[in-house]
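I opened the model to look up a few things and write them down. The entries follow in the order I made them.

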Amino acid sequence: MAFVGVAISAITFGAPVIRATADPKPSLKELTAQVENLYTEIETLSEQYNGERVRLKAAERSADLAKKNLAKSEAELEVRRQKASALAQHSYMTNGLGNALVLIDSDADPRRYLDQASTTYALELQQSQEVAEVTKAMDAAARARESASARQAEVKKLLSGLDSRRDKITKLIKKTESSLYRQVSQTIGRETRTRTSFPVIGDGKAAQAARWALRQQLKPYVWGAEGPGSFDCSGLVMAAYQSVGISLPHYTGDQWTAGTHIPRDQLRPGDLVFFYSDLHHVGIYIGNGYMIHAPQTGDVVHIAKIAGRPFAGAVRVAD
């Protein structure tokens with residue numbers, strides 16, 4: 001486009017044509033690095049997205065609880081108001097303790113009158129207590145309303161954040177799927193993915209989860225997916241352990257705190273292995289230095305070596 005513009009200018013004004021210099025094309029090595037960086041960014045964003053989904057569920061539960069507390073507080077407030085109103089009406093009808101002065105000029109039986117006065121006084125005390133309870137109930141209802149409003153605002157904010165992050169991930173995926181990057185990614189030298197039989201030692205839940213994950217080989221990586229047809233890294237871990245009755249969150253950050261941290265030389269099949277300083281990738285150890293994992297966009301669930309990766313730590317969820 002720069003050359004065309006200069007050519008038109010030369011024709012119009014008679015100036016000599018200056019040959020435009022095109023920007024140098026990035027080398028295959030540079031393009032490869034760009035693709036790998038995009039894959040890493042997508043996976044990082046995906047795990048952040050998973051973390052926000054976990055927080056969203058917690059916020060929704062808090063909002064529901066706040067609504068229930070609000071309904072309970074308002075119902076209790078209404079009961080207190082009605083009780084206080086009934087006592088107030090009774091006090092008004094009996095004229096409170098104002099009748100005590102009547103005793104001076106009255107021919108009534110003093111003992112009987114004092115009994116009535118005592119009853120009236122007790123009712124007025126009760127009324128005073130009910131007024132205090134109404135005030136207390138009003139304060140509780142107000143706090144419940146504020147809590148419910150805050151929880152609902154938190155849910156709204158998280159939903160907005162999820163939409164924004166989802167859009168960013170979608171754009172990155174489109175970029176990696178462009179013809180240029182698709183061509184380059186095919187030259188990165190990834191090994192051919194094949195279904196491999198791998199013996200897993202052990203009969204506990206961890207080993208069973210590892211075997212289940214192995215049966216998912218060649219299913220595609222899809223960010224945010226948790227099966228059955230596709231997975232992201234933490235989604236595969238969650239689904240594998242769910243298959244043996246153990247509930248894990250769909251988020252590497254929470255999976256990191258879901259069990260006991262163990263040194264690398266004590267790994268057993270079924271242990272979770274984490275990578276990168278921000279823990280944005282996780283796999284399931286299967287033995288002999290290998291893991292099963294869902295690596296990144298454009299790839300599939302497969303067996304891979306742990307060696308050569310930025311190992312961050314390991315977690316044992318079950319025996």
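**Helix H7**

I began with the buried residues of helix H7, and they are Cys233, Ser234, Gly235, Leu236, Val237, Met238, Ala239, Ala240 and Tyr241. Buried means under 20% relative accessible area, exposed means over 50%, and partly exposed lies in between, with a 1.4 Å probe and protein chains only. Nine of the ten residues of H7 (residues 233-242) are buried, so the helix is largely enclosed by the rest of the structure.

I noted the ground rules next. This is a predicted model, in which local features need pLDDT of at least 70 and side-chain atom pairs count only at pLDDT 80 or more, while totals for chains, interfaces and linings use all residues. Residues are numbered from 1 along each chain as its sequence is written, and side-chain values use heavy atoms, with hydrogens and water left out.

**The whole chain**

I looked up the elements and found eight helices and six strands in the protein chain. Helices (H or I, at least four residues) and strands (E, at least two) are DSSP runs, numbered from the N terminus. From the N terminus on, the order is α-α-α-α-α-α-α-α-β-β-β-β-β-β. Of the 319 residues of the protein chain, 37% count as buried. I also looked up the contacts (heavy atoms within 4.5 Å). Among those with a separation of 6 or more, 67% are between residues 24 or more positions apart.

**The sheet**

In what order do the six strands of the open sheet lie? I read the order as S1-S6-S2-S3-S4-S5, with antiparallel pairing. Two strands pair if DSSP finds at least two bridges between them. Strand S1 (260-262) and strand S5 (302-305) are at the edges with a single partner strand each, so one side of each has no neighbour in the sheet. From one strand to the next, the twist averages 40°. Axes for such angles are lines fitted to C-alpha atoms, for helices over the stretch in contact, and the angles run from 0 to 180 degrees between N-to-C directions.

I then checked one pairing. S3 and strand S4 (residues 290-293) are joined in the antiparallel sense over three bridges. Ile284 stands opposite Ile292 in S4.

**Helices on the sheet**

Helix H6 (residues 205-214) packs on the sheet and touches S3, S4 and S5, with its direction at about 110° to that of S3. H7 lies across S2, S3 and S4, and runs at about 50° to S3. Seven of the ten residues of H6 are buried, so this helix is also largely enclosed by the rest of the structure. I listed the buried ones as Ala206, Ala207, Ala209, Ala210, Trp212, Ala213 and Leu214. Their cover includes H7, S3, S4 and S5.

**Aromatic pairs**

I counted four aromatic pairs in the structure. Rings of Phe, Tyr and Trp (its six-membered ring) pair if their centres lie within 6.5 Å; planes under 30 degrees apart count as stacked, over 60 as edge-to-face and the rest as tilted. One of the pairs is Trp256 with Phe274, edge-to-face at 5.0 Å centre to centre and 85° between the planes. Trp256 is in the loop between helix H8 (252-255) and S1, and Phe274 is in strand S2, 18 residues apart. Phe274 is buried, with a relative accessible area of 0%.

The rings of Phe275 and Phe311 have centres 5.9 Å apart and planes at 75°, so this pair is edge-to-face. Phe275 is in strand S2 and Phe311 in strand S6 (residues 311-316), 36 residues apart. Phe275 is buried at 1% relative accessible area, whereas Phe311 is partly exposed at 23%.

**His302**

I found His302 in strand S5. Is His302 buried or exposed? At 5% relative accessibility, His302 counts as buried. Its side chain makes a polar contact with the side chain of Arg193 (3.4 Å). A polar contact is a pair of N or O atoms within 3.5 Å; within protein, one must be able to donate a hydrogen and the other to accept it, and residues adjacent in sequence count only if both atoms are side-chain atoms. The His302 side chain also reaches the backbone oxygen of Val300 at 2.8 Å.
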